[in-house]
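I open a new page for a structure I have not looked at before. My plan is to go from one chain to the contact between chains and then to single elements.

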Amino acid sequence: MNALNKKTGLIAILLLVVLVLSVWFYVHKRQNQNFLKVNCSTILRYNHQDPDFVATLDLVFRLDENHDGQAVLSGNIHSEKGSKSISRTVMFSYEMNRPGEISIMETRYLKNPRDTADEESFKSSFFYVPDGTVRQLRVEPSNNGWLLGNLQSPFALCVNREG
Amino acid sequence: MVFVIDNRVFYRSEDGAIWPSGDEGSTVILTLTMNRLLACLLEKHGQVLTRNELLDSVWDAHGLRSSSHTLNKYISELRKHFVQFGIAEECITTVPRVGFMFNSDVEVRVLTQSTIEDESRLEDEKNNAQVVKERSPVRVKYRNLPIALALTVFLISATLITLGLRVPSKDLAQVRELKTYFLFNFGSCPVYTVQRNSASLSEQKKDLFIELAKENGIDCLEGTSFLYQVSESYLYGNKGRAFISRCTSRNDKYISCLNNYWNGYERTQ
C-alpha cells in the first residue's frame with residue numbers, strides 16, 4: 001500500500017512538473033513575442049479600378065504592445081454612384097511574422113452612423129479581412145514615420161503622432 | 001442458552017447479557033435477579049406465571065426477600081430494556097390479578113451453539129456486504145480520477161506546448177530602418193524609391209512618375225520630397241500598382257505626407 005502511494009505521489013509530482021514547464025514555456029514564448037508600437041496618421045488618396053472609385057482618407061494607424069491594432073478611416077469615396085462618406089474603425093489582432101511584416105486577423109469593424117460608403121468599395125481596401133482569414137501587411141520604419149504596405153507595394157507613409 | 005426475541009434482541013441466560021441484533025457494543029448485563037426473572041418468563045413463553053410462582057423461583061428460592069412491588073419494579077425495568085432495543089410491542093404482558101407472561105405474539109427462538117456461529121457468520125457477512133456495497137460506488141467513482149487528472153494535465157501541456165511553438169520565435173526586435181534610393185529631382189523636390197533602380201528602368205520610372213504627377217495634380221512644393229514605388233508590370237503597360245507619397249519635412253523629420261496609391265486593374269488580395 002505504501003509502495004502504491006509512493007508511486008502515485010511520484011507520478012503526481014511528475015505531472016505537476018510537466019504542467020509547470022508547459023505553462024512556463026508558453027508564457028515565455030508569448031512574452032518574447034515581438035510587437036510593434038505604432039501610432040501614426042496620414043492622408044491617403046486611393047485610386048482603384050474595378051470597382052472604380054477614388055477614396056480620400058484620413059488614416060490613423062495603431063499597433064499596441066498587446067498585439068491589438070486599430071485603423072481609423074474617415075473621408076470620402078467618389079465613384080460612378082456618387083460621393084459617399086466613410087467613417088469607420090477597423091480593430092484587429094496582429095502577429096509579427098518577420099521583421100517589418102505583420103499578419104492581421106480577427107478583424108472587427110465599427111461603423112459610425114455617418115458612414116454611407118457601400119461595402120463593395122470597402123472590401124477592396126487594405127483593411128478588409130474576410131472572417132477566418134489572415135492578411136499580411138508590411139510596416140517598416142522610415143525616419144519618424146512608418147511605411148505601410150501590402151506585400152506588393154507600399155500604400156502610405158504614415159507619420160508618428162506626438163504624445 | 002441464547003434467546004432471539006422478535007429477531008431483534010439477543011439474550012444470553014448464562015450471564016444475563018442482552019443486546020440488540022447486530023450491535024453487540026450496546027450489550028447490557030442484567031442483574032442476577034432480573035436475569036432469573038427474564039429466564040423464567042422466557043422458559044414459560046406464552047404461559048401465565050402467577051406472582052407467587054415468580055416470587056418463589058426468583059427471590060425466595062435464592063434466600064431473598066420479595067414483595068409484589070419489587071416484582072412490578074423489575075418487570076417495568078425489563079420492559080424498558082426491550083423498548084430501548086427497538087421492540088415496540090409489549091413483550092411482558094400483565095395478567096390482572098394473576099401474574100405475568102411473556103407475550104406469545106412476540107417470536108422467541110432458542111439458538112444452539114452451531115446456530116449461534118452460523119447466525120454470527122451470516123451477520124458478519126451481511127455487515128461486510130453492506131460495507132462493500134457502501135464503498136463500491138465510491139471506489140468506482142474515484143478509481144478513474146487519477147487517470148482523468150493525468151490525461152487532463154497531459155492535454156493541457158500538449159496544448160500549451162503546441163501554442164507556444166506556434167508563437168513566432170524569430171528575432172524580430174530589430175526592424176530595420178527603411179532604405180531609400182534617389183531617383184531624380186522633380187523640380188526642386190528629390191524623388192526617392194523604395195527599391196534599387198537599375199539603369200534600364202530608371203528612365204521609365206521617371207517618365208511614369210512625371211506622367212502620374214501631371215495627371216493627378218501632384219506638384220513639387222518647397223521643402224517636400226517624394227517617395228515613389230511602381231510595380232514592374234505597371235511599367236511594362238500591364239495591370240499593376242504605383243505609389244507616390246509627397247512629404248513635408250523639417251529638420252529631417254516628416255511633418256505630414258499625402259499619399260497616392262493606384263491599384264491598376266488588380267485587386268489587392
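The entries below follow that order.

Entry 1, ground rules. I note that this is a predicted model, in which local features need pLDDT of at least 70, side-chain atom pairs count only at pLDDT 80 or more, and totals for chains, interfaces and linings use all residues. Residues are numbered from 1 along each chain as its sequence is written, while chains are lettered from A and ligands numbered from 1 in the order in which they are written.

Entry 2, chain A. I looked up the secondary structure and found 2 helices and 8 strands in chain A. Helices (H or I, at least four residues) and strands (E, at least two) are DSSP runs, numbered from the N terminus. Along the sequence I read the order α-β-β-β-β-β-α-β-β-β. Chain A has 163 residues, and 31% of them count as buried (20 or more other C-beta atoms within 10 Å of the residue's own, with C-beta atoms placed from the backbone). Among contacts in chain A with a separation of 6 or more, 48% are between residues 24 or more positions apart; a contact means C-beta atoms, placed from the backbone, within 7 Å.

I find 44 residues from chain A and 43 residues from chain B in the contact. On the side of chain A, at least two residues each come from α1 (2-31), β1 (38-48), β4 (82-98), β6 (135-142), β7 (145-149) and β8 (154-160). Helix α1(A) gives the largest share, 10 residues.

Strands count as paired if DSSP finds at least two bridges between them.

Entry 5, β8(A). I asked myself: is β8(A) enclosed or open? It is largely enclosed by the rest of the structure, because 6 of its 7 residues are buried. Strand β7(A) is joined to β8(A) by 5 bridges, antiparallel, and A:Gly145 has A:Val159 as its bridge partner. A hairpin of 4 residues links β7(A) to β8(A).

Technical notes: Buried ≥ 20, exposed ≤ 12 C-beta atoms within 10 Å, placed from the backbone. Contact = placed C-beta atoms within 7 Å.
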